[in-house]
Amino acid sequence: MLQDFQKFARENGLFQKGDRILLAVSAGVDSVVMANLFWEAGIVIGIAHCNFQLRGADSEADATFVEKLANELEAPFYLTRFETTRTASEQGVSIQMAARQLRYEWLEQQRIAGNYDAIATAHHLDDSIETLLFNFAKGCGLHGMHGVPMRQGKVIRPMLFAHKEAIRGYAEAGTIVSREDQSNTEYKYARNHIRHHVIPALETINPSFRETAVGNIRRLQEAEHLMDWAVAHLKTELTETDSAGRL
């Protein structure tokens, strides 16, 4: 997996030797494997953990686990605690939306303060498929159909080359220890419905659904890039002045 990780990063210009990368690590297998891959690749890293204080003692145990991991990898450790439920109530948004906003704002602050080149999150191919289906169900245009983007500003997602099953297999083979977030099995979250019910149902129709979905995501990304180029090109043509200086 290390070679695939490095190849994916190199081919997509996500990071290179000499870069300093701030890793968002939750304690789950995806981000713990990501941290180990960065360490094995010899990249300078910092490890950041957000405690959203939504699961009581489990949230505190996650923070302790990630701090221990940072010490093992000899990486600087950054920790914050959010009053996520209160923030969601005050802003009139879902807990998931509040957590996402709090997380990325804080990570960017730490990136700037620590002079890191980028922030890495551990989204993988299955996350991208779930995002595609979630956006499709909610209603969206082409821009919502590309799954999880590989790069957004200073945020990079270097695990988008791998499926969850492969990440778990790598962790088991390398005896990499992680913690399981029990909320991932709770059906009150829409994404969990997609993960545990929708995708398995689609796999009864097409056993290769995950691979098919990944291919569709790539084609939709290409179509989106082409559309963006065409719109920008047309906009340039429409705003160019003629020889008389008229618009």
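Contact is taken here to mean heavy atoms within 4.5 Å, and on this basis residues 24 or more positions apart account for 70% of the contacts in the protein with a separation of 6 or more. The model is a predicted one, in which local features need pLDDT of at least 70 and side-chain atom pairs count only at pLDDT 80 or more, whereas totals for chains, interfaces and linings use all residues. Residues are numbered from 1 along each chain as its sequence is written, and side-chain values use heavy atoms, with hydrogens and water left out.

Nine helices and six strands are found in the protein, these being DSSP runs numbered from the N terminus (helices H or I, at least four residues; strands E, at least two). Of its 247 residues, 42% count as buried, that is, under 20% relative accessible area with a 1.4 Å probe and protein chains only.

Strand S2 (residues 44-51) and S3 run parallel and are joined by five bridges, with Leu79 of S3 as the bridge partner of His49. Together with helix H3 (residues 57-72), S2 and S3 make a right-handed β-α-β unit; right-handed denotes a path from the first strand over the helix to the second that runs clockwise when the strands point away from the viewer.

The axes of helix H6 (residues 125-138) and helix H8 (residues 190-205), lines fitted to C-alpha atoms over the stretch in contact, come within 10 Å and cross at roughly 95 degrees. H6 is therefore roughly perpendicular to H8, a class that spans 65 to 115 degrees. Residues making this contact include Ile129 and Phe134 of H6 and Ile194 and Leu202 of H8.

Key: Two strands pair if DSSP finds at least two bridges between them. Axes are lines fitted to C-alpha atoms, for helices over the stretch in contact, and angles run from 0 to 180 degrees between N-to-C directions. Angles under 35 degrees count as roughly parallel, over 145 as roughly antiparallel, 65 to 115 as roughly perpendicular and the rest as oblique. Buried means under 20% relative accessible area, exposed over 50%, partly exposed in between (1.4 Å probe, protein chains only).
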